[in-house]
Amino acid sequence: MAGKSNGNGAGTSDGLRRLVIVESQKKATQIGGFLGDGYDVQASIGHIRDLPQPSQLPDDMKKGPFGKFAVDVDNGFEPYYVVDGDKRSKVNDLKRRLKDADELLLATDEDREGEAIAWHLVEALNPKIPYRRMVFHEITRDAIQRAVRDTREIDAELVNAQETRRILDRLYGYELSPVLWRKVRAGLSAGRVQSVATRLVVERERERMAFRAAQYWDLRGEFAPSEGGNAFPARLVSVDGSRVATGRDFSDVGQLKTSGVTHLDEAAATTLRAALEGASFAVRSVEDKPYTRRPAAPFITSTLQQEASRKLRLGARQAMRVAQSLYEGGYITYMRTDSTTLSEQALTAARSQAAELYGPEFVPERPRVYAKQSKNAQEAHEAIRPSGESFRTPAQLAGELRGDEFRLYELIWRRTVASQMNDARGTTASIRLGASTSDGRDAEFSASGTVITFRGFLAAYEEGRDESQHRDDEGGDAERRLPQLTRGQALDVNSLTADGHETSAPPRYTEASLVKALEERGIGRPSTYAATIATIQDRGYVTARGNALIPSWLAFAVIRLLEVHFPRLVDYDFTAAMESDLDAISRGEEDRVHWLTQWYFGADGPGGHRGGGADGSAVGGESGPDTDGSGGAARDHVNDGIKGLADDLGAIDAREISTIEIGEGIVLRVGRYGPYLEGPDVDSGEMLKASVPEDIAPDEMTVEKARELLTSQSDGDRVLGQDPETGRTVVARVGRYGPYVTELIEDDAPAPVALEEAGTPAKKTAKRATKKAAKAKPRTGSLFKDMQVDSVTLEQALKLLSLPRVVGADPESGDEITAQNGRYGPYLKKGTDSRSLTSEDQIFDVTLSEALAIYAQPKMRRGQVAKPPLKELGADPESGQPIVVKEGRFGPYATDGTTNATLRKDDDPETLTFERAVELLAEKRAKGPAPKKRAAVKKTATKKTAAKKTTAKKTAAAKQG
């Protein structure tokens, strides 16, 4: 049975039977192999309970105190939890196994989330036997057997902190999201951390939009000692004692911001170069300084995500998925940590391996100890490192790990070993050289270089850099060897050129730099950054272009609304203060009900609490600054807490919020169907409209680009005529997905006359008819590939609007066959069976006999032949059948012939491991078949009985046998 011990472990000396519950099947299999007979190791497959959607509550609860949020905000913020629908069979299975056990060990991860999962398991299983927490930071035989001997109670404070976070996020989203629905667009969401992360990306794009490039010039030369020697490059740094301007001397609007510097343009640089023709150059100064560089600290969650992005091109979510697999496989320690501390055994292992591989001179006399860097330290964990008392080198694991797993393990191994190695040492030389020009000016050049004499930790690892760390073109002289020179030494000029430069816009955030920015501000948790970045992309607020994160125009509208009307909710300091308060709750220093009351109801909320809440002065903290400088109504509105944010939205002008000024009277509006431009025609002054293509980033929307779109789309509509049957105007447009034709439906058109329904008053019938007419959608049809907006005719448009075309009926089944155009091209449809056509013209030409002939042939995916499996992985331990990876209709999936498990977004079919495939199949089996009908949530679903600390402690203190 999967997850059960193989009998090769330690076994139970007391003869007791123990049920051990972990989160994943892979962990269950791995840990089961380390424990002896008497241990039944099972996986909960993640969380088993959560707050339900209010619509999923029992009918008799929907109008009660839990009806709005599934949280009773008026009675201690008590949550109403239910077992997730796809986990009911799993919970029932665990209950059955619990009946045969003498003790329950909860072996979930030792962080807030893992502690909460353990608590939820206790609440759902209601064990009548003793239960304890079993915690470990690595999945090795020694660590697991040690954890079995050294158990503890559930930490009620950690549970309180995690449950506060869950309730906080539910209230934040449910109060704020309706504001976005009503004032920006239906279906949007807001989140405590995701909104702030989106704001960071939007603010950077605003900087790029406001940016104006500045041009500056300098001279670059190649020089060599006159008596012979290696040539070296040098750059002009001053003229007549005045420093020559570089990129850092200009503001982001292209203005020179540093006084007393010389700004060279092309003419001045060219003239200076000519004046230096034939000049006598000599060394003016030589300065040598010792060079020392320390190794970086071992990885924590955020730095691992950053380096995986820089060096391995892995997104934050993908990096965490690979790290999770390595942890569960026993290769690395727990990967969600804020601690840079290494255990004594890890220090010994790293130092021993460094001495063995690189030599004893590479290891310092005493172990290195690194101070905590982030503002909010999470629970005490060790840094991320290779597991075990002695580290396995990447070469030793080459036969076990493949692809991203091998690359990430190697990165972690190198960083850990390097952290316990000696500094890199060397010498940095700075040389000044110069000459007098033919017109009497003095020109001075500079060259610098570093000579590494002892590589130290660099022999194992060198930390990557973000683009923002080397934006200026002049900063690349490090680690360059210069010849031995002395003051006054004559130099020959091999070449001298005038170089032009242009300042660069602030770089967009990458996943790595966004993680760094969030961590530096103390916003969110490193363990949640991957999910946060994934969420803002999934919601359409941010898209990735290469490594760069680009905000959508929708994000601009959302962030503007929040900044203007709810500034504290996206204030960086305020959001960070909430994290500090959650830390205080986890340490038992703050009462969660007291804190939630102030945050939700405001300073004068129930109970008379003052001095906290959504006005920014979180419990024990200082009030953050106004983000928009407006103070006044916006700030006061939030001072009352976030309760009822959507109750009074009269002060919010939806049109103004969704309007962005482009310039010269042109504005961009975020509409219901996407962004569009509106602006006057240059000649006639007539207002034009144009859709904005998705591939144009906000900083690329200049006045010139906007004019081009407005002119090319001719106000967005080309009137083709009227449909003789309906009388509606037919137009051709260019939309965000390409050119199409549509009919115009007037908003104020009278509702069609409807027959009075039986037993229904005529007034109600008319009202329903009016409502139905208001929901009527215009017919649309995409242009064929050989059609153009400026040449399509009314006749062609009417044919497009008539689709789908009925070809005929299948004489055997009687099913109607239609021809139509779709996202992937022209096709036939009969019931649920679709077949591709070879050309768009066939939509109007294909006959019934031709259609039947197409259906008589074996079905292929869009004309493709069946493909062989992408990969074969071996026999599944549960079913015994071979696991293969195939390409399916909805993407690649793993299957054993009976169970199919779709690969996740970050699972690469080429590098998918056998263990990962087994885990996906196990998760799919645990979920069971999809329910045909959603079952109503029973009233008997478990409520949270430990809303208060005293109750949580009581839960954790159950009898211990």
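At what angle do helix H12 and helix H13 pack, and how far apart are their axes? In this predicted model, local features need pLDDT of at least 70 and side-chain atom pairs count only at pLDDT 80 or more, while totals for chains, interfaces and linings use all residues. Residues are numbered from 1 along each chain as its sequence is written, and side-chain values use heavy atoms, with hydrogens and water left out.

**The helix pair**

Helix H12 (residues 511-520) packs on helix H13 (residues 526-538) at an angle of about 120°, and their axes lie 11 Å apart; axes are lines fitted to C-alpha atoms, for helices over the stretch in contact, and angles run from 0 to 180 degrees between N-to-C directions. H12 is therefore oblique to H13, since angles under 35 degrees count as roughly parallel, over 145 as roughly antiparallel, 65 to 115 as roughly perpendicular and the rest as oblique. From H12, the contact (heavy atoms within 4.5 Å) involves Glu511, Leu514, Val515, Leu518 and Glu519, and from H13 it involves Tyr529, Ile533, Ile536 and Gln537.

Helices (H or I, at least four residues) and strands (E, at least two) are DSSP runs, numbered from the N terminus. Strand E20 (residues 674-680) is mostly covered, with 5 of its 7 residues buried, where buried means under 20% relative accessible area, exposed over 50% and partly exposed in between (1.4 Å probe, protein chains only). The table sets out its pairings, two strands being paired if DSSP finds at least two bridges between them.

| Pair | Sense | Bridges | Residues in the hairpin between the strands |
|---|---|---|---|
| E19 (residues 666-671) and E20 | antiparallel | 5 bridges | 2 residues |
| E20 and E21 (residues 687-691) | antiparallel | 5 bridges | 6 residues |

Valine 667 stands opposite glutamate 678 of E20, whereas tyrosine 676 has serine 691 in E21 as its bridge partner. Within the hairpin of E20 and E21, glycine 685 adopts a positive phi near 80°.

**Threonine 140**

Threonine 140 is placed in the loop between strand E8 (131-133) and helix H4 (141-149). Is this threonine 140 buried or exposed? Threonine 140 counts as buried because its relative accessibility is 14%. Leaving aside residues up to four places away in sequence, threonine 140 touches Phe34, Gly330, Ser387 and Gly388. The C-alpha atoms of threonine 140 and threonine 333 are separated by 9.3 Å, although these residues are 193 residues apart along the chain.
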